[in-house]
Structures are given as C-alpha cells and as structure tokens.
Amino acid sequence: MQTVIGIDDTDSRERGMCTTYAARLVARRLREHGYRVPTLRLVRLNPAVEHKTRGNAALAVHTAAPPSVAFEVATSVVDERAVTADDGTAPGVVVATRSDERVVSFAADAVTTIHELDEAVRLIAAAGYRSAGWGGGRGKIGALAAVGAHEAFEEWTYEYIAYREPDRWGTPRDVDHDSLFAAADRAYPDAWDTVDREANAPVCVPNAPGPILYGIRGDDPFAVATVAAGIDGEPIHDRALFVTNQGTDVHVRPGELGNLSDGRAYRVTGTVGDEPETRQGGHVFFAVGDGDQRLQCVAFEPTKRFRNRVRNLREGDRVTVVGEVSEGTLKLEKFAVRDPVESEPRPPRCPACHRSMESAGAGQGYRCRDCGTTAPGTVDVAVDRDLDEGWYEVPPVARRHVAKPLVRGGFDAPTHPER
Ligand code: ZN
C-alpha cells in the first residue's frame with residue numbers, strides 16, 4: 001500500500017478555508033519534492049453528524065512519499081493554512097502506511113454512524129499510524145476514516161474543483177452563465193448536478209465565501225474536466241480532480257418501520273397513511289405506515305418542485321421513502337411509487353337519472369332518492385393520478401453531497417430524474 005494522508009476539519013467558516021484546498025496544497029508540495037501523488041480522494045462522511053464542518057468531508061492524499069515526509073508536509077500545511085483559532089475548527093492529520101481491517105470498518109461505519117474521538121485515537125495507536133491534532137483534534141476521526149475509505153467503499157465518482165485567486169476570496173464569483181449552462185448540457189448525464197436547469201441555478205458554484213470557484217461532479221473524469229474547460233469566467237488559480245463517494249447514496253441503509261434511529265439515513269417501504277399536508281413555511285408532511293408502525297416524512301421548502309410530487313401522493317399508495325431520520329421524522333431525499341392507488345370507492349350513480357345515489361343506512365346499500373332505484377354497494381371509480389410508478393428525487397439545487405442522482409441509474413424501478 002502507498003502512503004495515505006488523511007486530513008479533516010480545516011474548514012474555517014470565517015476565513016473560508018476549505019479542506020479540499022489544504023489537500024491540494026499537500027499534493028502540490030509532495031510533487032515539488034519529487035513524489036508521485038496519484039489520487040486525491042474527497043470522502044463524505046455521515047451527513048447527520050453534529051460537529052461537522054459544512055458537508056462533513058474528509059480528504060485522503062495517496063502518495064509514493066515515505067510516511068515521514070508525508071507527515072511533515074501535511075502537518076506544516078495544516079499549521080500554516082488552518083485557522084485553528086476559530087471556534088469549532090479542530091483539524092486532524094493521520095498518515096497510514098499499511099492497510100488495517102479495523103480502519104476499513106471504521107471508515108465504512110463513518111458514513112452511517114457517529115464515531116467518538118477516543119475510538120479514533122485508540123485505533124490510530126493500534127494500527128501504528130502517525131497522527132496530529134489541533135484544537136482538540138476532533139478532525140482525527142474524519143482523517144482516519146479518509147485513510148480507510150478506498151477499501152471501505154466500492155462506488156466512486158469524480159469532482160473537478162477550480163480554485164479562485166486568493167485575493168478574490170470573499171468577493172462575488174465571476175462565472176459566465178451561458179457558457180456554464182451550455183457546457184453542462186453537453187456533458188449531461190456523464191457530469192450531473194452542474195446546474196439546475198428548471199431553477200436556472202448554477203449548482204456547481206458555491207454561495208459561501210471560500211477558495212472554490214466551482215466543482216463539477218460526474219461519473220467520468222474526462223467529462224467533468226471538459227465541462228470546466230467550457231466555462232468562461234475569472235482566472236483559475238489552481239485546479240484538482242478528486243475521486244469521491246459523492247452521489248452514491250452510501251449513507252443510506254435498508255430500514256424497517258418501527259426500527260429506525262435518529263441521525264441515520266434509510267430506505268423504508270410502507271403505505272401512505274396521512275395525505276400530504278403543506279404546513280407553515282411551505283414544508284410538506286405526510287406519514288407512511290405498516291400495521292401499527294407510522295413514520296412521519298417531510299419534504300422541506302428548499303426542495304422546491306419536489307414538493308409537488310409529494311403532494312400528489314394519496315392515502316393507500318405503496319411507497320419507498322429515502323432520507324435521514326431526525327427527531328423521528330424522515331427528511332425526504334427521494335421516494336419511489338411502488339403501487340399507486342388507481343381507483344377509489346364511490347357511491348353508484350342512478351342508472352335512470354345519473355345522479356349520485358345515497359347510502360340507505362349501514363349495510364343497506366345505496367338508493368336514489370328521486371327514483372327509488374337501489375344498488376348493493378359502492379363502485380370503484382378510476383382516479384386520475386399525476387404520479388407515475390417509480391423514483392422521484394429532490395432537484396439538483398436541493399441535493400445533499402452524498403445523495404445519488406436518479407440519472408446515475410441502478411435503481412429498482414423506473415426513474416424520473418430532475419435536471
Ligand atoms: Zn334516479
């Protein structure tokens with residue numbers, strides 16, 4: 001195994017540092033020293049973790065450099081760049097030289113569960129890895145997960161990140177709208193979530209201050225680079241291609257109603273119990289159930305047009321919902337319509353006058369008040385549905401980093417991708 005450097009939590013909300021930028025600096029210095037750096041890996045960990053930096057990312061730098069050099073370079077970059085004085089900034093660096101099964105499981109679990117710092121510290125010692133921490137060293141958790149990630153996860157995508165000239169950080173970004181949308185269209189769907197065409201929004205351009213000009217995501221490293229090459233805008237200071245577990249749904253596990261924990265994301269099947277209801281703030285709530293079990297689900301206002309899909313659900317629809325459970329409520333990322341209600345019982349119409357018949361009393365069937373015609377019971381009437389079978393998803397503007405876009409394929413039902 002090569003030397004793998006894990007880095008986490010060098011984000012500073014105030015100064016706009018960014019862990020991917022620190023990893024890029026480490027890679028550049030190693031190359032200046034003459035060492036190969038074949039892979040930069042951007043690993044998204046459990047998006048529900050409390051102490052997270054934005055997006056809960058950790059980075060791994062794979063290099064041919066010996067561990068002593070790797071450690072020296074990585075710690076000096078963090079020393080120089082990380083704004084450790086900031087509240088909540090607690091960087092960690094871990095350097096691994098050999099594979100360790102326990103670290104691989106730690107990495108696999110880091111995307112669905114919450115690890116404690118002392119667990120990471122123990123494991124680093126047991127594996128014989130070098131490590132360093134700042135401001136309490138909480139970042140060692142993500143750094144350790146990052147060094148085990150390449151063996152823990154199977155599915156990988158790419159992100160091509162372009163960085164701004166440092167003197168422009170914090171100023172409005174200059175990215176040409178038309179060239180961006182044209183480049184995004186040409187590369188779709190090999191590159192996805194570059195823009196939100198319906199919302200007319202450049203999803204790849206961050207809003208927060210920081211060194212990133214844009215990040216192009218996709219299944220194909222050439223496609224994402226081609227999109228970047230087609231974008232006009234301010235000068236690029238630096239660029240890097242990351243291998244990443246973004247867009248893979250790696251945080252989602254199968255779940256059963258009645259057996260779900262807060263802070264984890266699930267795929268759960270049930271029957272719509274309460275019809276969708278739009279509440280204050282524009283959030284749309286409904287419940288799925290199975291027997292005695294019920295789970296409240298919500299599509300939040302920022303999921304925008306996705307809420308219209310949710311509003312089209314009706315009582316009795318068989319659905320699979322996907323999202324993170326928080327305080328007993330599942331925050332929807334996508335859902336599949338498995339078996340939609342296609343008809344509903346209605347009072348029969350009178351064959352003579354065509355008016356709706358009325359109940360003649362419990363168990364007495366139906367009767368036309370005017371004609372006296374009777375009928376034994378309700379009749380099933382076809383319902384017009386604005387929802388087809390298959391998967392629906394939040395639009396690109398509302399997508400979480402780890403959530404898998406439907407256009408990537410591999411789903412167990414027809415898909416209705418948003419773009
Ligand atoms: Zn009648």
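In which order do the three strands of the open sheet lie, and is their pairing parallel or antiparallel? The order is β18-β19-β20, and the pairing is antiparallel. Strands here are DSSP runs of E with at least two residues, while helices are runs of H or I with at least four residues, numbered from the N terminus. Two strands pair if DSSP finds at least two bridges between them.

Before going further, a word on the source: this is a predicted model, in which local features need pLDDT of at least 70 and side-chain atom pairs count only at pLDDT 80 or more, whereas totals for chains, interfaces and linings use all residues. Residues are numbered from 1 along each chain as its sequence is written, and side-chain values use heavy atoms, with hydrogens and water left out.

**The whole protein**

The protein has eight helices and 23 strands. Its C-alpha atoms fill a box of roughly 95 × 50 × 35 Å along the principal axes. Of its 419 residues, 52% count as buried; buried means under 20% relative accessible area, exposed over 50%, and partly exposed in between, with a 1.4 Å probe and protein chains only.

Two bridges join β19 to the antiparallel β20, and Arg367 has Thr374 in β20 as its bridge partner.

The zinc ion has four protein donors, Cys350, Cys353, Cys368 and Cys371, each using its SG atom at 2.3 Å. Donors are N, O and S atoms within 2.8 Å of the metal (3.2 Å for Na, K and Ca); water is not among the atoms, so sites may look incomplete. The angles among the four donor atoms run from 104 to 115 degrees, and the site is tetrahedral; for four donors that label requires all angles to lie between 85 and 135 degrees. Along the chain, the donors follow the spacing C-x2-C-x14-C-x2-C. Cys350 sits in the loop between β17 (343-346) and β18 (358-359), and Cys368, 18 residues apart from it, in the loop between β19 (366-367) and β20 (374-375). Both Cys350 and Cys368 are buried.

**Pockets and cavities**

On a 1 Å grid over the protein atoms alone, a cavity is a set of points where a 1.4 Å probe fits but cannot get out; a pocket is an open set with protein on both sides within 12 Å along at least five of seven lines, and lining residues have an atom within 4 Å of a point. A volume is the space filled by probe spheres set on the points, which are joined across faces, edges and corners. The whole structure holds four cavities of 30 Å³ or more.

| Second largest pocket | about 230 Å³ | Phe300, Thr303, Leu332, Ala398 and Arg400 |

The lining of the second largest pocket divides into seven nonpolar, one polar and five charged residues. Here Ala, Val, Leu, Ile, Met, Phe, Trp, Tyr, Cys and Pro count as nonpolar, Asp, Glu, Lys and Arg as charged, and the others, Gly among them, as polar. Strand β16 (residues 329-339) gives the largest share of this pocket's lining, three residues. In the second largest cavity, the lining residues divide into eight nonpolar, one polar and seven charged.

**A loop glycine**

Gly258 lies in the loop between β10 (252-254) and β11 (264-272). Gly258 counts as exposed because its relative accessibility is 59%.

Methods
Four donors count as tetrahedral if all angles lie between 85 and 135 degrees; four count as square planar and six as octahedral if opposite donors are over 155 degrees apart and all others between 65 and 115; anything else is irregular.
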